[in-house]
Amino acid sequence: MGIAVVSGSASGIGAATRKRLEADGDKVVGIDIRNAEITADLSTPEGRATAISQALEACNGRIDRLVLSAGLSELHPLHLVVKVNYFGAMALLDGFREALKAGSDPSAVLLCSNSARMTSFEGNPFIEMLLEGDEARACAFIEESKNTFLAYAGGKFALGIAMRRRTPDFGAAGIRLNAIAPGPTKTPLLAEIKEDAVRTAGLEGLPNPLGRYATAEEIAASIAFLLGPDASYVHGVVLYADGGIDAALAPDRF
Ligand code: NAD
């Protein structure tokens, strides 16, 4: 039995991952803004600090598996999307590094998105602000731009890059680090997006080779694979679990 920490554990993919890890024998410490062992608002530095210190206490300073699933769709105020999806996730990843190092075959998975590669974000100043950790500038920039796609998909792109940049350091500490890029997954976040007619049309306009959306349990199964012994040599990967949408959009690159 191991010890897992899951952010966003109250709903959707985080809740399904929690159930899956518990079924596999882990003790899970959930972090969420509601209905979790640790209630914390990951949009604020204070909330992140509370989440980290309380989780470290609950786990006695040792974490075997970490899943960072807390997130907001782009229908929320854009500075909050950036604060939760990028800065909240990165604060927890870095804040739990030493506890992961003390864990047994430790690994972490970040929640990216298949939308992260639907356009080219390379060289975008907003992405640079995220990667530099400049939260105030990134939030001001995104509110000014009102660019919802950049806030959500660009933030997920930066998350994937930030994860890959950490692979030498985390690898040297014995911690495997990967991300998962789900396609549309039937959760409350997707239900919220589907209330918006323009976004629903955008989603339905995507090629969809498997012809359906994922369940949260399917994404949790891919996360469990990345966390577990069958992925013992998988490090620095963004795994697309999107029913082939990315491949259909960009068949000639990988
Ligand atoms: P969800 O809305 O079902 O769950 C998100 C969880 O994050 C909720 O429990 C919520 O309370 C928590 N959360 C939100 N703001 C928070 C805050 N300030 N502090 C702490 N917790 C907070 O969404 P989901 O679909 O399960 O999404 C999980 C992750 O997967 C997100 O990072 C999302 O971007 C990503 N994702 C989802 C889809 C999809 O189609 N559902 C696709 C690609 C990526």
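Colleague: To begin, what volume does the largest pocket have?

Modeller: This is a predicted model, and the volume of its largest pocket is about 1,200 Å³.

Colleague: Which residues lie nearest the centre of the largest pocket?

Modeller: They are G71, L72, S73, Y152 and L189, out of 47 lining residues. At least two lining residues come from each of α1, α3, α7, α9 and α10.

Colleague: How many residues of that lining are nonpolar, polar and charged?

Modeller: The lining of the largest pocket has 22 nonpolar, 18 polar and seven charged residues.

Colleague: Why is A15 called partly exposed?

Modeller: The relative accessible area of A15 is 23%. Buried means under 20% and exposed means over 50%, with partly exposed in between; A15 is therefore partly exposed.

Colleague: Where is A15 found, and which residues is A15 in contact with, leaving aside its neighbours within four places in sequence?

Modeller: A15 belongs to helix α1, residues 12–23. With those neighbours left aside, its contacts are G8, S9 and A10. Contact requires heavy atoms within 4.5 Å.

Colleague: What space lies in the second largest pocket?

Modeller: The second largest pocket holds about 260 Å³. It is lined by 13 residues, with R117, R164, V238, Y240 and R253 closest to its centre. Two or more lining residues come from each of α7 and β9, and α7 gives the largest share, four residues.

Methods. Residues numbered from 1 in each chain as written. Predicted model: local features only at pLDDT ≥ 70, side-chain atom pairs only at ≥ 80, totals over all residues. Heavy atoms only, no water. Buried < 20%, exposed > 50% of the residue type's maximum accessible area, 1.4 Å probe, protein only. 1 Å grid on protein atoms, 1.4 Å probe; cavity = no way out; pocket = protein on both sides within 12 Å on 5 of 7 lines; lining within 4 Å. Points joined across faces, edges and corners; volume = space filled by probe spheres on them. Nonpolar A, V, L, I, M, F, W, Y, C, P; charged D, E, K, R; others polar.
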